[in-house]
Amino acid sequence: MITAERKPFGEIADMVQDAKKLLILGCGSCVTVCMAGGEKEVAMLASAMRLANRKAGRKADIREATIERQCDREWFDKVAEDIEWADAVLSMACGVGAQFCGEAFEGKRVVPALNTKFYGATERQGVWVERCAGCGKCVLADFGGVCPIARCSKSLLNGPCGGSQDGKCEVDPDRLDCGWQLIHDRMKLLGLLDRLEAVQPLKDWSAGGDGGPGRIVREDATL
Amino acid sequence: MNALKSGSRLEQVLAAGQFAVTAELGPPKSADVEVIKTKAASLKSVVDAVNITDNQTAIVRMSSIAAGALAMKEGLEPVIQITCRDRNRIAIQSDVLGACALGLRNILCLTGDHQVFGNHPTSRNVYDMDSIQLLAMLKGMRDGKKFACGDDIRNGKNAPVVEPRIFIGAAANPFGDPFEFRVVRLAKKAAAGADFVQTQCIYDMERFERWMKQVRDRGLHEKVKILAGVTPLKSLGMAKHMRDNVAGLTVPDFCIERLEKAADKAAEGIAICVEQIQKLREIPGVAGVHIMAIEWEAKVPEIVNRAGLAPRPQV
Amino acid sequence: MKKPGKRPKQRLVVFCCENSAAKAAESAAGDPMLKGVEFVRVPCAGRVEIRHILKRIEAGAAVLALACPLDNCKYIHGNRRTLKRVDRVKQVLKDAGIEEGRVRMEFLSSVDPHKLVNVIKEAKRP
Amino acid sequence: MRRVLVIGSGITGCAAALELAHQGYSVDVLESAAGVGGKILGYCCKATIECARCGVCVAHTRVAQAVKHPNIRFLAAMSLQSVRRDAKGFAARAVQQHPAIRLSACTACGACAKACPARCITRYNRGGLVQYSINHAKCLRRRRRACAKCVAACPAAAIAGDGLSGAADLSADAVLVATGHQAFDARGKPWLGYSQVPNVLNGEEAEAILANRMFLRGPNDDVAFVQCVGSRDPELGRNYCSAVCCAYATRMARVIRHRNPASNVTVYLIDLQNFDKTFSRLRAQLAAEGVRLVRSAPSSIDPLPGGRLSVKREGVAGAAAVAEHDVVVLSVGMGPAAGAAELADQLGLRRDEFGFFEPGTPGVFVAGTCAEPRSILDSIASGEAVAAQILEALADPGRPARESTADNPNLRKIKLSPGVLVLGGGLAGARVAGELKALGYRPVVLEQAARTGGGASSAAEFERLLADVDVLTDATLSRLTGCIGSFHASVRAGKTARDIDCGAIVVCTGNARQDAGRDLFDFDRILPAGDLAAAVARLPRKDRPRAVGIILDLKVEETNAGTAQAFQTALRVIEQHHAEVYVFLREVRVAAKGLETLYDDARNAGVNVVKYEGPLRLKTIEDGVEISARDALLGRDAIILCQMVGVSPCGLSAAADAGLAALLGVHTDCLGQMQDNNAHLFPALSNRPGIFLAGACRSRYHPPEVIADAKAAAMRVHSLLSRKHLIVELSNATVETTKCALCLTCARTCPHGAMTVDDEKRKAVSRPETCQRCGICVGECPARAIELPASVIE
C-alpha cells in the first residue's frame, strides 16, 4: 500500500486558516489501513480544528467525509456537494488522492493533510515498513525476493557495503536490517547463493522515477 | 602483467613484486592549499602512493581530483578516490577523463559513506551505481575504450580514441557481515576490473587471516594486489570509539588493554601498528600495506621506518 | 458529514471500565465527590474511542478515562490501547491549543473505591 | 446430586466451591465469621499504574461469583460441631454461633442496617462483593436482650429470628478443608514493640489501612517493613518461609512510594523471595523508585520522644546501626489457623511439624493456606486443583446445568468437540493428560522429542499417567485453525501427518533450557545443575571431583525450583561421593513447603553456602574451574576451585518457543514465556479462549507447583467441555460490510483471536464463541466499521 503520516497540526492549520468552510476528506483505502487518513483520523482532525478555531475565536464550518478511494474519480460523486460547498478541501489521502481531488474539482483549493511516505507493508500492528521503491523494472527474481533498491540504504546491486554488521545497517542499526544480509540469507535458503557472484550491470533507472512522470496504458482496457 | 596498464609508480612497485606502502591524505575542509602542502611534506618519499579521499564520511572537503593535482605538485603520487554517493555515471566518467588529463594515474572506486553520517544529512544521494559497477565502467573505459553507453571515447568521428590509462583500485572490508560473502565481494571486484585493493583497517588479525585463506583458496591474490589496511591508534578513546561506533570494525580487547596499561598511549599505538604490519607481511598474498593515519600523517614516516619498510624502492 | 453534537454542558465525564472503576464507583456511591459527575460505563477501557472523548471535550466537558491497572485488564491490553488513544487525544488538544489536562487517564482496580474518589477529586480541581 | 462440604469461605474455598457448583455439585460453605470471603476482605490493591499481581481484585470477583451461584449455600457465623463418616459419606452438624444474615436470600437492600438500634450491621461493598454482616460483639441479642428489629425489617427474610440457637445437619460426599491461616502474633517478639509502641503495625493492619486510605498514616511518613517476623525462625518453632511476606511488603512499599515519591520506604530483610514471574522487573522497579532494601533483622524497635521510632539492627562488621522511621510494619508470617488441631482430630487429618495440614484422608481434602503458606493467586490455583481432585475421587465428573436456546433467537448453540490436545509430554503434560483421563476424556499428547518425560521424573509415574493415552512422539503442531470448542490441529508425527479435532488445547511445552546456557556450558566441567549429580556418578571413582560448585542466580533471579534442585543435588553428591560442595547464591529462595528444612539439612550435612553479590566469574584452569565472586556476608572476595560446576538451568530458563506461541496465537510475557503478566489469567488461562497453559511454559518450575498447575488446567478444560454445548449470545462485535477496508487491524488487535476475515462476505467477522465483548476492535477500527451491540456509546 501507499503509506503516509499525518502532517503536524500546526502545518495543516496554517494551510487552511483562511477557509471559512472546510471539508476534511478521508480516503478509505491505503491510508485507512495505515491509520493516517481513514474515517477516524478525519474525525480526530476535525475535532482538533474545531477546538483550535474556538480557542482562537475563529469562525469556520467544518464538514467531515470519507470516500472509498480518492484515486478513483467516481467516488468523489458522493461528496460533490460538500466539495462545492467548501472553500477548501483538506485531503487526507496520499499525494495521489489529494492531487486527483483537485483535478476532479478544478478551481477548488485542495490541500494535503498527509505526508506520503513509501510503498510499504504492515510489519505488525502500528508499524509500516518500506518494501518497494517503484523502480519500474523489478529485480526481485535476481535477489531471492528481497529488493536491494528499497531495502539497502545505498541501493547497492552487487553486495553489502562495509556497514553491514550483525545483520543491521549502519545507517540505523537499531531499526534497519541490512538489506543485503536479508538477500544473502534468502539466497542461501533457496540454494542460489552462487547467483550473487555475477556482476550486476548498470541499472536502467529510466523505467521508474528517473524517466519522468510515469504512465501505464493497457491497450486492451482502453477504447 | 607485462605491459603496464597505467604506468603509475604504484603499479610499477606492485608489478616488480615489491611490498607496497600507501598512505592516506584527507583534503582540507576549505580552499586552503597549505594543509595539503604540510601533510604532503611528511609523506613525500616515505610511501609509494597516497590516497586522496573523496568527501570522506560525507563531510564536504576539497574535491579529490583538485587535491590530488596539488599533491602531485608536492611530489606525491596520488590515488584518487571516487565514490558513487554524489555523482551519476555522467559526472564520474567526465571526472575520470579530467583526472587523467591532469596526470593522475590511480583511481580507487568506492561506494561511499551514507550521507546521514556527514554534515549534509538531508541531501539526496545518487547511487546511480555501486562500487563494482563503477569498477566495471572504468575498466570498460580503459580496456574497452568505450563509455558506459557504448560510445567510443573520442572527440568526433575522425578524432583519435584517447582512453584514460588508469590503475584501478577498490576497497575490501573483511570485517563486515555476512562474513562468507566478503570474499565473494572481492571476487566480484576482481572480475569487474580491480587491479589492486586496499582493505579496511585491520585489528582482528585472526579474522583477517581467515579471510585471506578464503582469498587464496579462490586464487584472488593472483588476480588482484591486496594491500592490508592499518590505522595507528592515537589514544584509548579512539580505540574505544573504533570498537564501539565504527561498523565493520573489531578492535580486540588486547589492544585496548595494552593502551590502558601504557603510560604513553600514542607511542603504544604506534608500537601496536608496527607489530601489525610485521605480522601482515608474513601472510601469503598480502602485497602491501595501506597506512591510514587519520589526521596523524606526521607519524607515517616513523611507522614505515620502524616496520623496516624504508627506504622505498626507486622505480 | 457530521456536525458537532449539542450536548448540555458537563463538568466531568468519567469513562468507567465495568471490571474496575464501575465497581469502585458502586462502592463509593453516595460520596459527595461523585456528585454531578457523568459516568459512562464501558465493558473495557479499550472500548473508548478517541471520538467519544473528543466529542465530550468539544461539548465543554473534561474527560477522565478510568482503566484497570496495566497488566490487569480482563481483556489483556484494552487499557494499554486506551492509554495510547488518550495520548493521541492529548496531542490533538495540544495541536488545537487546548489544555491537555482536559483529558486524563487513571488506573485503579475494583477494590479501590477510595482511590476513585481521590482521582475524581484531582480531576475536578481546576 | 453430589454434595460437598467446604469448611472456610476464603478465596480457596470459594474457588473450589465455584468449580464444583459449576459441575452441578451442591456445595455448603461453612464460615465461622459473620461475613464470607475470609482474609482478602482486609487486603488492599497493590497496583501503582501497573498491577502488582497480588490477586486481591480477582479474588473479590470469585467470591462475589460464588455468593451468587445457586448451587452454593453459605453458612456464615456457623462452626463445625461434629462430623462423622457414614455409609454415604459424611454427616456433619454445624451450630450457629451468633445471628447471621443468609447471603443467598439477602438482596443487599440495607433495611436491616437502618433498623438496627445498636448499629451493629455493617455493609461490605468492594470489588463487586456486596454483603451485610452482623457484628456480633455489638449485637443486643448477645446481651440476651430481646431485639429482632433487623429480622422484622428484612423484606427477604434473610435473617433468622432465633439467632443464637440455630444448628444445621449437613450431609456430604466429601469434605474440603480450606480454613486458611492465622498471622503470627507479633507480641511473641516483644522487642519489636508490637501492641506496645504506637505506629508499629503488623502486615494485616497495614493492608487494611491501605485498603481504605491512600497512606498508612500521612503522606510524608518514613515507613519501614521488617521481614520474617514469625517465619524462618527456628527459635519460635517456625522454621519455614511464609512465602507471601516479601510479596506483600515490597508491593506495599512500591504503592507508598508511588503515592508520594518523596517518602522514604525501607525494607529490612534476610532474603528476597522470588514470588512472581515478574519479580526481576519488580526488583528493578524497587531500585529505580528508591525503595531501600537493607539486609538485616532489626533487634529492637523503640519509641523516640516526638513519636518517631528507632530501629536498631546489626550493621556492617557487627557494629550496631540505628535508623529512625515514622511507621514500622512487621511482615508477620502465616501460621496454622486457630482450631486447626481440633479440626484435625475431628477429621482424622495429620499436620506437619508446624501445624499445617498434610494432604487429606479418603473423602477429606485440603487446600489453600491451611496446608502451607500461599499467595492469593496460588490459593486460587489450589482451589481449582482440589476441585478436580474431588471430582476424580468421587468418580463423578458432574454435569453442568443445561441451558436452553429454544425460545431465544439471540442465542446460538455451538457443539463442543470432546477432544483435548495436550502439547508436551513432560511432567506437566503427563499430569494434565492423567487428570483428563480420570475425568473421562481421551486426550492426545504431542511430544516433540522421541519419548515423553521432559525434564526429570520417574519413568514409572509417567507410565501410570500416560497409560491408555494417545501419545504422539517426535510430533509437532504445524497448523491450527478454528476456535474454542472446535480447534483443528494439523500435526506432524514422525513421517506421518495427522489432523486432530479438539475442543480445547493445553500447552505444557516447558521451556527451552538447552539454548540458555550455551555460552557457559562445556558439558564437561561446567554443565546444567540438573545433570550434575548423574554426571558425577558416571565418572570413574578416581576421576570424581574433590569439590563441586553449584551456581544459582547467575543471570536471572532463581526460583524455588532451582534452590530445591541445588540442595538436593548437593546432598546427593556429599552422601554418595563425599565431595566438598559449594552452593553460590544471591538469595536463599525457600518460599515453598519443605525448602527451608532442606536448606538446613544441606548446611548440616556440610554444604558450604556462599551468598554472593556483584558479578560471578567462572574460569576454566588446568585442574578445574575457578569460581570467583564477592562473599556478601563476609564482605570479601571468595575464590573456590571446583572440579565440576553445575549452573542452575532454572535460573537460565529461556523463553518459550516463540514460533509455537505465534502459531497458537498465545501471547508471551516480559520474560518471553507464554501467558501475559495478567492476574485474570492465573493459573491456567491464555489470551485465547480454549487454549490453556500449565507448567514451565508459563514459568512454573517447582514440581509441586507444576502438579497444581496441571490439575487446575485439567479442571478448566473439564469446566469447558463438560457442558457439551456452548451457548453464546449473538451480541458479539458486528462489522459493516461497506465500511470494512479489510485492513486487518481488528484481527491484529483482538486479544482473543476472535476476528477473522470472511472471504465471501469480503469483510471482517467476529466469532461469537470467542468474542469477549470488550470492544477493543471497535476502538481500533480505522474505518469505524465495527459496532458492539452490547455497548453502544455515542
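How many residues does the contact take from chain D, and how many from chain C? It takes 35 residues from chain D and 31 residues from chain C.

## Model and confidence

This is a predicted model. The predictor gives the complex an ipTM of 0.82 and a pTM of 0.83. Chain D has a mean pLDDT of 91. In that chain, 96% of the residues reach 70 or more.

## Where chains C and D meet

Four pairs of chains are in contact, and chains C and D share the most contacts among them. On the side of chain D that touches chain C, three elements each supply at least two residues: helix H2 (56–68), strand E6 and helix H19 (776–780). H19(D) gives the most to this side, with four residues. By class, the side of chain D that touches chain C divides into 15 nonpolar, 14 polar and six charged residues.

## Helix H4 of chain C

Helix H4 of chain C covers residues 113–124, 12 residues in total. From its first C-alpha to its last, H4(C) reaches 17 Å. That is close to the 16 Å expected at 1.5 Å a residue.

Which residues of H4(C) are buried? They are C:Pro113, C:His114, C:Lys115, C:Leu116, C:Val119, C:Ile120 and C:Ala123. An α-helix has 3.6 residues a turn, so residues three or four places apart point the same way. Within chain C, the buried residues of H4(C) pack against strand E1 (12–17), helix H1 (21–27), strand E3 (62–67) and strand E4 (103–107). They also pack against strand E6 (121–126) of chain D. E6 of chain D is also one of the elements on the side of chain D that touches chain C.

## Other chain pairs

Chain A also touches chain D: nine residues of chain A are in contact with eight residues of chain D. Helix H2 (30–33) and helix H3 (39–56) of chain A each supply at least two residues of the chain A side. That side has two nonpolar, five polar and two charged residues.

Chain B has no contact with chain C, and their closest C-alpha atoms lie 26 Å apart. Chain B has no contact with chain D either; here the closest C-alpha atoms lie 17 Å apart.

## Domains

Chain D is assigned five domains. Domain 1 spans 3–180 + 337–393, and domain 2 spans 183–335. Domain 3 spans 411–512 + 655–726, domain 4 spans 515–647 and domain 5 spans 731–787. The centres of domain 3 and domain 5 of chain D are 28 Å apart, taken over C-alpha atoms. Contacts join 10 residues of domain 3 of chain D to seven residues of domain 5 of chain D. The domain 3 side of this contact holds five nonpolar, three polar and two charged residues.

Chain A is assigned domain 1 (2–117) and domain 2 (133–201). The centres of these two domains of chain A are 38 Å apart, taken over C-alpha atoms.

## Nonpolar cores

In soluble globular proteins, nonpolar side chains tend to be buried together. In this model the largest nonpolar core has 351 residues. Those with the most contacts inside it are D:Leu176, D:Val177 and D:Val506. Helix H9 (residues 376–393) of chain D gives the most to this core, with 10 residues.

What does D:Leu176 touch, not counting residues up to four places away in sequence? Its partners are D:Val4, D:Val6, D:Ile7, D:Gly13, D:Ala16, D:Phe365, D:Ala367, D:Val386 and D:Ile390. A second, separate core has 94 residues, including B:Ala239, B:Val286, B:Ile291 and B:Ala307.

Notes
Residues numbered from 1 in each chain as written. Chains lettered and ligands numbered in written order. Predicted model: local features only at pLDDT ≥ 70, side-chain atom pairs only at ≥ 80, totals over all residues. Expected span 1.5 Å × (residues − 1). Buried ≥ 20, exposed ≤ 12 C-beta atoms within 10 Å, placed from the backbone. Contact = placed C-beta atoms within 7 Å. Domains from an automatic or database assignment. Nonpolar A, V, L, I, M, F, W, Y, C, P; charged D, E, K, R; others polar. pLDDT = per-residue confidence, 0-100. Core = buried A, V, L, I, M, F, W, Y, C linked by C-beta atoms within 7 Å.
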